[in-house]
Amino acid sequence: MATLIKFFVTLSIFSLLACSTINAQLSPNFYAKTCSNLQTIVRNEMIKVIQKEARMGASILRLFFHDCFVNGCDASILLDDKGTFVGEKNSGPNQGSARGFEVIDTIKTSVETACKATVSCADILALATRDGIALLGGPSWAVPLGRRDARTASQSAANSQIPGPSSDLSTLTRMFQNKSLTLNDLTVLSGAHTIGQTECQFFRNRIHNEANIDRNLATLRKRNCPTSGGDTNLAPFDSVTPTKFDNNYYKDLIANKGLLHSDQVLFNGGGSQISLVRKYSRDGAAFSRDFAAAMVKMSKISPLTGTNGEIRKNCRIVN
Ligand code: HEM
Ligand SMILES: *[C@@H]1O[C@H](CO)[C@@H](O)[C@H](O)[C@H]1NC(C)=O
């Protein structure tokens with residue numbers, strides 16, 4: 001009997017070890033004992049931030065997307081270029097448009113005060129993203145936690161693995177598949193463009209040269225985005241409710257009011273996702289549900305766990 005018990009104890013210790021090293025899992029309860037106030041701290045900061053500027057919820061969400069698509073959700077996007085260290089901030093998709101870094105710094109400072117050297121920047125970004133979306137009227141969900149922070153970044157991966165605004169459906173599909181995300185995931189995650197803004201340079205060709213665009217929207221957007229000049233002038237993605245996380249993005253697509261080429265191809269590029277666009281345009285609850293599930297999926301792209309990576313002290317610099 002004693003040997004049998006010993007055998008099972010050994011077995012369970014072994015599987016615990018195996019679990020944390022070989023196949024470490026993220027868990028919503030990861031900081032329950034080590035930083036029980038974490039979620040309250042992040043949420044309270046995000047409330048203040050969104051009250052000041054609603055768009056910041058969108059900007060943080062985009063940071064998270066661009067983090068996860070480059071070697072996983074490991075806070076690599078937060079690292080500054082410094083000396084010989086080349087980060088991702090000056091890659092094509094991020095330079096001049098990625099924003100919200102100070103918000104993550106502020107949250108990190110509050111979290112460090114409460115729980116020193118405990119919570120990763122990657123997890124803070126994941127939580128801030130969730131809260132921003134919820135505060136703008138979108139869904140909420142339990143964020144799997146336990147990511148650790150990268151000691152490296154890759155400008156070249158940022159340049160090659162984050163999709164661009166003039167991408168066709170085949171390119172978008174391929175780039176999402178490369179992250180183990182399906183065509184359905186692409187379709188629902190693109191609904192993130194229900195909030196936030198985009199610079200003229202990214203939609204200029206669409207409003208001036210494409211045929212499948214609503215004439216009134218094209219006329220309106222051309223006022224602030226001429227054929228040349230005004231590259232960084234901003235326009236909202238969502239033609240009706242740009243600070244509300246709702247399903248209007250899909251109504252826009254059906255009305256040829258998608259602002260980026262990469263938005264409109266979800267409806268006009270052929271393919272099986274067209275019916276999903278129609279469904280989300282009718283059923284906001286289905287969109288919210290599927291979006292939350294897809295965010296959880298995206299948030300699990302190649303996390304550093306266990307003893308890999310580190311808990312960065314300052315989100316901008318490796319320890
Ligand atoms: C499918 C391919 C995608 C392309 C080509 C794309 C491209 C872009 C571009 C060009 C901008 C404008 C940036 C600027 O002018 O500052 C933008 C903004 C944004 N993107 Fe995407 N995006 C894609 C998917 C996603 C996904 C999957 C998410 C999140 C799940 C996302 C979230 C956002 C948000 C929230 C903004 C607004 C940011 C702000 O207002 O600061 N995008 N995107
Ligand atoms: C994604 O692309 C990278 C680099 O191009 C490659 O190493 C990796 O295996 C690809 N992953 C998948 C799931 O296709």
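**Domain arrangement, helix packing and selected residues**

Apart from neighbours within four places in sequence, Asp123 is in contact with Tyr31, Pro144, Leu145, Gly146 and Arg147. The structure described here is a predicted model. Within this model, Asp123 is located in helix α5. Its relative accessible area is 0%, and Asp123 therefore counts as buried, the limit for that class being under 20%.

The helix that carries Asp123 also takes part in a helix pair. Helix α4, formed by residues 101-114, packs against helix α5, formed by residues 121-135, at an angle of about 115°, and the two axes are 10 Å apart. Because angles of 65 to 115 degrees count as roughly perpendicular, α4 and α5 are assigned to that class. The crossing in which α4 passes α5 is right-handed. On the α4 side, the contact involves Ile104, Ile107, Lys108 and Val111, which meet Cys121, Ile124, Leu125 and Ala128 of α5. Sorted by class, the residues of this contact comprise seven nonpolar and one charged, with no polar residue.

At the level of the whole chain, the protein is divided into domain 1, covering residues 28-162, and domain 2, covering residues 169-295. A distance of 23 Å separates the C-alpha centres of domain 1 and domain 2. Contact between the two domains involves 20 residues of domain 1 and 18 residues of domain 2.

A further helix pair is formed by α3 and α14. Helix α3 spans residues 55-68, and helix α14 spans residues 284-298. The axes of α3 and α14 are 10 Å apart, and the helices pack at an angle of about 45°. The two helices are therefore oblique to each other. From α3, the residues making the contact are Leu61, Phe64, Phe65 and Cys68, while α14 contributes Phe291, Met295 and Met298. The contact of α3 with α14 has seven nonpolar residues, with neither polar nor charged residues present.

Helix α14 also packs with helix α13, which comprises residues 274-282; the angle is about 115° and the axes are 5 Å apart. Lys279, Tyr280 and Arg282 of α13 make this contact with Gly284, Ala286, Phe287 and Asp290 of α14. By class, three nonpolar, one polar and three charged residues are found in the contact of α13 with α14.

Ser281 is likewise placed in helix α13. With a relative accessible area of 13%, Ser281 is buried. When residues up to four places away in sequence are not counted, Ser281 touches Asn247, Tyr250, Lys251 and Ile254. Asn256 is not a glycine, yet its phi is positive, at about 55°. The relative accessible area of Asn256 is 24%, and this residue is partly exposed.

A relative accessibility of 22% places Thr241 among the partly exposed residues. The C-alpha atom of Thr241 is separated by 7.7 Å from that of Ile195, although these residues are 46 positions apart along the chain. Beyond residues up to four places away in sequence, Thr241 touches Thr194, Asp246 and Asn248.

In the loop between α3 and α4 lies Asn71. Phi of Asn71 is near 55°, a positive value for a residue other than glycine. Asn71 has 46% relative accessibility and counts as partly exposed. Asn71 is also one of the residues touched by Ser154, together with Val70 and Glu88, when residues up to four places away in sequence are set aside. Ser154 itself is found in the loop between α5 and α6 (155-161), and counts as buried at 15% relative accessibility.

Note on methods: Residues numbered from 1 in each chain as written. Chains lettered and ligands numbered in written order. Predicted model: local features only at pLDDT ≥ 70, side-chain atom pairs only at ≥ 80, totals over all residues. Heavy atoms only, no water. Axes fitted to C-alpha atoms, helices over the stretch in contact; angles between N-to-C directions. Helix = DSSP H or I, 4+ residues; strand = E, 2+ residues; numbered from the N terminus. Parallel < 35°, antiparallel > 145°, perpendicular 65-115°, else oblique. Left-handed = near helix turned anticlockwise from the far one by under 90°. Contact = heavy atoms within 4.5 Å. Nonpolar A, V, L, I, M, F, W, Y, C, P; charged D, E, K, R; others polar. Buried < 20%, exposed > 50% of the residue type's maximum accessible area, 1.4 Å probe, protein only. Domains from an automatic or database assignment.
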